[in-house]
Every structure is written in C-alpha cells, then in structure tokens.
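Subject: Structure handover

Hello,

Here is the structure for you to take over. My notes come after it.

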Amino acid sequence: MSRRRASLPSVALGAHVWGFFLFLYLPIVMLVVYSFNDNAVSMMTWNGFTFDWYLRVLANLGLIDRARDLAGSDNLQLYSDPNLGPAAVNSLIIALSSAGLATVVGTMTALGLARCRFPGRVAYRVALFLPIVIPDIVLGIALLVFLATLGFPLGRVSVILSHTVFLASYVAVVVGARLAGMNTQLEEASADLGAGPWTTFRRVTLPQLMPGIVGGFLLSVVISFDDLVIAYFTCGVGATTLPVYLFGAIKRNVSPEINAVSVLMILTSMLVVGAALWLRRPRQHKTEA
Amino acid sequence: MDLVRVLARPHRPFLRPGMGKLFPGFVLFVLLFLAPVGIVVVYSLLTRGTYGGVVWRVDLDSYARIFGLPNEDMLREWDFVYLGIFAKSAGIAAATAFATLLAGFPAAWYIARQPDRRKFLLLTLVTLPFFANALVRVYAWMLILRADGLVNNILSGLGLIDAPLQMIYTPGAVVISMVYQYLPFMVLPLFASIEKMDLRLIEASRDLGAGGAVTFRRVVLPLAMPGVVAGLVLVFVPSFGNFIAPTLIGGSKDLQVGPLLAQAFLSARDWPFGSAVATVLSSLVLLCLFAMARSETRGKETA
C-alpha cells in the first residue's frame, strides 16, 4: 500500500506467500518423489530410483504382463494383489454413472428452479444445499441405515445412487449459477421468431449452458472418484472402490505400492479438474455482454 | 398478513408448466436424502436391538448418554465422556479454523493485490491441491510425521535428535493435516472480501495518523469480516465431523466425533446411539451454517 516503507512488510508478506505455496505443494511433491524410491523396507529412506512400484501396480491392474514385463526386477517377486484391478474398475464405473446421472438430474433441477415460479421455490433451493453441507459421514451412515432397513443390497448400484444424491445438488448449484448470469432475451427472441420450446432449448439455452454442464460433470466425476467416506459405508464387500481399497491398505500396513497408487489417483483427478478449470477460464473477449 | 395475501391471490394451480423438470431431482432428494436422514432421526429415539438394528420402542436414553445424564435403571452415574468427545472435536476444529485464518489471510491479501491474470493463476494454484484425493493428502502427512517419516529422518540426519519425535497420532497432527485439507475454503472467501475492499479507506486511515496495527484492527479487519466469518465456518464445519484424519493420524486417546460415529455403527452396532450422535452433529453443523448465513444477510442490510 504505502510505497514509502514497502521494504519490511512486503518482504515478510512475500516470504509468507512462498511458505504458503510450499506448504500446499511440498507434501504432494514428496509423495511423487518417494513413489520412485527403491527401498521396499524403509519407504522414507532414499535408496535410488526405480519404476518398480508403478510396474507392479500396472501388473496388478492387468495392464502389463507380470511374467513377461517384470522379469529380472528384485522388488517384483513380492505378492500380487488381486483386489486393485476390480477396485479401479468399480471406481470408474461408479464415477462415470453417478456423474452422468447427477448431471442430467441436476441440470433439469436448475432449469426448473430458474424458469418457473411456484410456492416453496426458495425453500427447495436452500434445501438442495443440505446434501452438500451435511457431514459426509452422516450422509454415508444415513444411507447405510436406510438401505439396510429396506433390505437393498449394497454394491455398485447403492454407491452410484448415494453419490448421485449429493452430486445432483452440486450440479444444480453450478448450472444454476450459470443460468442466473444468462440473458433471457435470446430465448424470447427465439420464441418470437417461431421456434417451439424444445427447439429454443436445444438451439439457444443448451449451447449457452454447455460450459457449466460439462464443468459440473467433470467435477462430479472427480468428487465421486475421490470419495472415501460415503462409499466406505455404502459399497458393501462386493464393490470396493479405489479410495476404500487404499484406506484399507493404509490401515493394514504401508507398502511402497500405495505411494504409486496414490500418485496415479492424484494424477487422474488433476487431469480431469485441469480440463474443467480450462473450460471455465476467463476469456479475453466475451460475446454475452 | 401473509396469509391474507395468499388467500386473496387469484387461484393458480400448484403445478405449473415446466415443473416436470424438477420431478426426477425431487424424487431423488426425497428418497435418498430426506428419507435416510429422517430415518436416522427416528432411530435415534428408539431402543437398541440385540444384534444391531432397532426395537420400535421410544427411548431417549441415547441422548441421555450423549449429554452424560445418569440412568438409575442401567446403574449409570453422571458421565461426560461423550460430551468430552464433542468438546475435543470442536476444539480441534476451532484450532484448525484459526490456523487456516492465520496462514490464509496474508496469502489472500497478496493474491487480491495481483493483476487479473496472475490472480486467476494463483487462485487456481490454491484450489488445485484440494482436488487431490483427501485420503491421499492425509496419507502424505502420515509419511511426513511418522516415527520413520520425512521430518524425523531429516532431523536425525542433521544430528538434532537422538530418538524420533512423536508427531503422528497427536491432536497436532490432525490439526495440521486438516489445515492442509481446508486451506482453499479459507482463502477463497477471504480473497472475495479483500478484493472488494476500497484501498482508499486504508490510505485515509494512514493519513489520519493511524499506525499499521490500528489500521488493520479498525479498518482492514472489519471490512474483511464477512470473508473471515465465512472462512472460519467453512473450515470448522468439515473439520468437526472429519473421519479420515482422526482415524489415520489421530491418537487413540483422542477419539473424535467422526470415528465415534463410525464405531457406533460398524463395531458397537448400536444404531440408536449412533443415530443420536449423527443427529446432534448435524444439528450443530447446520446451526453454524445458519449463523453464518444470518451474519451475511445482516452485514448486507447494514452496509
């Protein structure tokens, strides 16, 4: 603020900001670095560089052939883990289906809330925040108790339904925010020019909403893919997801393979989030305004 | 008055065109949110079944246990162990919230003073780690704080310690991993209110002879208050009911609400008691959020 005495406060501020970003990124960088550590006994003692843990993960996922590709590496004689592959498949199926369902349902809800007035509209809009703000462990346990009471079998379907509930709220909020900032004149013009409601929706409303919808979908995929707590309570024994698998592995014992799985999961989430942020980046020239 | 206005309004059907779009979402919300949460509230008022589940007989003993009331039938004296768990969780969550405030305020201040492109880049950098899996982020802190972890390795490598420091399985470890987890929830609202701040007010305060500390306390802090309150609540709420961090790096002596809840259902199989804990936890959380919403609307009215 004051240019006269910029020195000490601004140096302190600069140092704090550096420290802040180091704090945010060092743990992740450390995890990535040590996932290449060639030490099967003491993971955090550096003993040279290796790809072995990643190769083992790929072999357990069935993406490479253990006998052919892993021959000659001493870290790879250890046990193979048959649970990792199914967990990854479950996670992908659950993330894509619940995000897909939530995107359709959430977008419809946002449209309904924005385009039509009815008694209780504000109350419903507020109520839709509840699945997002309620502690995830409460939601997970409530769903477990509910499904158990109904006798609904726990598995992929129960996790998909459980994720869809709060993801739909999330998409409704994201898409609703975009609808609120949208110009209704274009829709009116389209109707004046003789287009029916469906044509107007498909040709005018939907294209304008698309960045919000795609962004909501991608973020939903990541949230579902990363969720431990709700899946932990609703997956049962047959539909273990990657985070549930990882949680069990971390609690049992810590093996270097966990580092590699962790890094691969972070990488997956980051790629999807990166795509979502890129879609929502501020543009230089906006045509809407 | 409202009732009169409602009655005087020309009759319109409740169902309007276009409301069909709300139907699937509404069904989902009622069936998979309201019904499960409602069942938890109902179960919290019932009697425990012998092998898990519930017996349909109203019994408020679960709440009596949480609040530590004695029960002569069960030979139970005053016992505040569960209130203690709630208090400890609240304390740890409050410590987390204030630590994120201290770490986040200068950073939000700095980011808000950057040119637009850099602002967007820095905010993205703040948010990005949040999307790394929460479990993996706690796991990273396990590797840092363990007896044979990064910090102890470095310290003993430098010859500063002989025996490893006990850092993991302490409340401090839980706090630091949750600070790490929820920093974006603090920085984003702080940034929003700092960015709106009129810098001329700060200059005016300085010109009128106020020192840096007085200006901060009397001008900057009140203007940033909505962001501070929002940030504190948004960090406190998920920290309070947190499950992963206390389970993995909390001490077994320092049981918190999240793990208590999981234990009640998964190991003790005491559904009514677990349901009562869940109901109390959710009520407290919703109360915090409600207070935040109230303070925000009041702030807008006075402004």
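Predicted model: local features only at pLDDT ≥ 70, side-chain atom pairs only at ≥ 80, totals over all residues.

Residues are numbered from 1 along each chain as its sequence is written, chains are lettered from A and ligands numbered from 1 in the order in which they are written, and side-chain values use heavy atoms, with hydrogens and water left out.

Chain A

The secondary structure of chain A consists of 13 helices and zero strands; helices (H or I, at least four residues) and strands (E, at least two) are DSSP runs, numbered from the N terminus. Chain A has 289 residues, and 48% of them count as buried (under 20% relative accessible area; exposed is over 50%, partly exposed in between, with a 1.4 Å probe and protein chains only). Its accessible surface is about 14,000 Å², with 66% belonging to carbon and sulfur atoms (Shrake-Rupley method, 1.4 Å probe; for residues, only the protein chains shown count as cover).

Helix H7 of chain A covers residues 136-150 and spans 21 Å from first C-alpha to last, close to the 21 Å expected at 1.5 Å a residue (1.5 Å times one less than the number of residues). Eleven of the 15 residues of H7(A) are buried, among them Ile137(A), Gly140(A) and Phe146(A). After H7(A) comes Gly151(A), with a positive phi near 75°.

Contact between the chains

Chain A puts 79 residues into the contact and chain B 78 residues (contact means heavy atoms within 4.5 Å). Together the two chains bury about 7,000 Å², 83% of it on carbon and sulfur atoms (accessible area, 1.4 Å probe, that two parts lose on being put together, summed over both). On the side of chain A that touches chain B, helix H1 (residues 7-34) gives the most, with 13 residues.

Two residues of chain B

Tyr169(B) is not a glycine, yet has a positive phi of about 65°. Tyr169(B) sits in the loop between helix H7 (150-157) and helix H8 (171-196) of chain B. Arg269(B), also not a glycine, has a positive phi of about 55°, and lies in the loop between helix H12 (257-266) and helix H13 (271-302) of chain B.

Regards
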